[in-house]
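Here are my notes on this model, written as numbered points. Keep the structure open beside them and find each residue as you read.

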Amino acid sequence: MAVTLRNFAKLKKNSCNNNAGGLRVLKNLRERKIAIPSNLSILATINTSDEFIYYLDSAFKRRWDWEYVDVPGSEYSGDVPDKIKAAKVVVGDTEVDWSDFVIKLNEFIKSNHQAIRRIEDKQIGWWFLKPENNEISEASIKNKLMFYLWDSVFSKDRRPLESLLSDPGGEKIKLITYSQFVALAEEFVIAISDYEPSEDSV
């Protein structure tokens, strides 16, 4: 395409005008200034269990409006999202509702609060695992959920997991390695689905 001298001058002028905002930002950065428009709003979430970030200063917190979002199953957690209602956990020959499983798992975690530090931060939400085609896969249960429980929730004390998976009247399970735990994935899903906290643990 041929570009005339007049067209070239016009293109150059437009290019300079389009870059004016960028040049202004660059100038402010060099002068250690920042301009914030009056209509700017910032929406953000914070994971309070992330121990690799600095705690927020209380004076900074006061400048935000906060909304607490409780874990699934509580009276403050709201309705179950439609996509979650349809989701199933499929491990081996076992299939259970993901929404029921999440609530039962949180009950199990809460009932073992003596073995867990910062109990509220260790419970899981609806989207801890994301369903694909309305299914939570066996791989997701093993590689993310069970690893999270092993490595973060019950890292100091495996006895709650051992008790969950042991036969009350028979074989006692002893978990030394993660591979032993993950080999019992189907038994774990069944045990959580059937879990009922004792009165002493609530």
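1. Start with a charge over a ring. The charged end of Arg158 sits over the ring of Trp150, 3.6 Å from the ring centre. Lys144 lies over the face of Phe128, at 5.2 Å from the centre of that ring. The term has cut-offs: NZ of Lys or CZ of Arg must be within 6 Å of the ring centre and within 35 degrees of the ring normal.

2. A word on the source. This is a predicted model, where local features need pLDDT of at least 70 and side-chain atom pairs count only at pLDDT 80 or more, while totals for chains, interfaces and linings use all residues. Residues are numbered from 1 along each chain as its sequence is written, and side-chain values use heavy atoms, with hydrogens and water left out.

3. Now the aromatic pairs. The structure holds 10 of them. Rings of Phe, Tyr and Trp (its six-membered ring) pair if their centres lie within 6.5 Å; planes under 30 degrees apart count as stacked, over 60 as edge-to-face and the rest as tilted. Ring pairs link Trp98, Phe101, Phe147, Trp150, Tyr178, Phe181 and Phe188 into a cluster.

4. How do the rings of Trp98 and Phe101 pair? They are stacked, 5.9 Å centre to centre, with 20 degrees between the planes. Both residues lie in helix H5, 3 residues apart, about one turn of the helix. Helices (H or I, at least four residues) and strands (E, at least two) are DSSP runs, numbered from the N terminus. Both Trp98 and Phe101 are buried. Buried means under 20% relative accessible area, exposed over 50%, and partly exposed in between (1.4 Å probe, protein chains only).

5. Phe101 also pairs with Phe188, edge-to-face: 6.1 Å centre to centre, 80 degrees between the planes. This pair links distant parts of the chain, with Phe101 in helix H5 and Phe188 in helix H10 (residues 185–193), 87 residues apart. Phe101 counts as buried because its relative accessibility is 1%. Phe188 is buried too, at 0%.

6. Look next at the two helices. H5 and H10 pack at an angle of about 85 degrees, with their axes 8 Å apart. Axes are lines fitted to C-alpha atoms, for helices over the stretch in contact, and angles run from 0 to 180 degrees between N-to-C directions. H5 and H10 are therefore roughly perpendicular (65 to 115 degrees). Phe101, Lys104, Leu105 and Phe108 of H5 make the contact with Phe188, Val189, Ile192 and Ser193 of H10. Contact means heavy atoms within 4.5 Å.

7. Check the sheet. It is open and mixed, with 3 strands in the order S2-S1-S3. Strands S2 (94–97) and S3 (135–136) are the edges, each pairing on one side only. Two strands pair if DSSP finds at least two bridges between them. S1 (residues 88–91) and S2 run antiparallel, joined by 4 bridges. Val89 stands opposite Val96 in S2. Helix H5 (residues 98–111) packs on the sheet, touching S1, S2 and S3. Helix H7 (residues 138–153) packs there as well, touching S1 and S3.

8. Finally, two backbone angles. Most residues other than glycine have a negative phi. Arg32 has a positive phi, near 55 degrees. Arg32 is in the loop between helix H2 (20–30) and helix H3 (58–61), and counts as exposed at 80% relative accessibility. Asn134 has a positive phi of about 65 degrees. Asn134 lies in the loop between helix H6 (119–122) and S3, and is partly exposed at 39%.

How values were computed: Angles under 35 degrees count as roughly parallel, over 145 as roughly antiparallel, 65 to 115 as roughly perpendicular and the rest as oblique.
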